[in-house]
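Let's take a walk through this one together. Have the sequence and the 3D view open, and we'll start with a single side chain before stepping back to the whole chain.

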Amino acid sequence: MTDKPGMTTGGGDDAGSIMALLERVAGLMDSVQVTQQRMEERQLELESTVKTIQADVVKLTNEHANTSSTVDRLLEKTRKVSRHIKDVRVRVENQNIRVKKVEATQGDLLAKNKFRVVIYQ
């Protein structure tokens, strides 16, 4: 056997170093596989979390739509009540004006009747 640069001539030493190198490679492969498995588990957890968040967002969106609809209905009812209150207020004011006219007319009639009573006596 001829010596090649960088290679030792001892056959047993080469086999031992190759075995050590293969064991290191096997250890590295195991480590990579464990790390990859942990990464896959984390990925699954993240996917599960994302799905949960998406479901929560969908629920929140539906609840928001329901709340918005309820608020719209309440606002419409409030507008109707406000219109009715304004109508009632106008009617009450008109009725107050009529009552004051009737009271004034009644006062005039009472004054005329007293005058007639005085003349009649």
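Is arginine 83 buried, partly exposed or exposed? With 45% relative accessibility, arginine 83 counts as partly exposed, because that value lies between the 20% limit for buried and the 50% limit for exposed. Keep in mind as you look around that this is a predicted model.

Now see what arginine 83 is doing with its side chain: it meets the side chain of glutamate 76 in a salt bridge, at 3.6 Å from N to O. Glutamate 76 is partly exposed too, at 33% relative accessibility. Salt bridges with shared partners tie Glu76, Arg79 and Arg83 into one network. As a bit of background, side chains of opposite charge can pair when their charged atoms come close.

Arginine 79, at 44% relative accessibility, is another partly exposed residue. In total, the structure holds 2 salt bridges.

Time to zoom out. The chain has 1 helix and 0 strands, and helix 1 covers residues 11-120. Of the 121 residues in the chain, 0% count as buried. The chain exposes about 11,600 Å², and 60% of that comes from carbon and sulfur atoms.

For a spot where nonpolar side chains show on the surface, head to Ile18, Met19 and Leu22. These residues form a nonpolar patch, with about 290 Å² of accessible area together. Leucine 22, one of the patch members, is found in helix 1.

Finally, how far does the predictor trust its own picture? The mean pLDDT of the chain is 88, with 83% of the residues reaching 70 or more. Residues 1-7 are another story: the pLDDT there is below 50, and the stretch has 1 contact in the model beyond near neighbours in sequence.

Notes
Residues numbered from 1 in each chain as written. Predicted model: local features only at pLDDT ≥ 70, side-chain atom pairs only at ≥ 80, totals over all residues. Heavy atoms only, no water. Patch = residues over 30% accessible without salt bridge, like charges linked within 9 Å, V, L, I, M, F, W, Y side chains within 5 Å. Areas by Shrake-Rupley, 256 points an atom, 1.4 Å probe, with all protein chains shown as cover. Salt bridge = Lys/Arg side-chain N within 4 Å of Asp/Glu carboxyl O. Helix = DSSP H or I, 4+ residues; strand = E, 2+ residues; numbered from the N terminus. Buried < 20%, exposed > 50% of the residue type's maximum accessible area, 1.4 Å probe, protein only. pLDDT = per-residue confidence, 0-100. Contact = heavy atoms within 4.5 Å.
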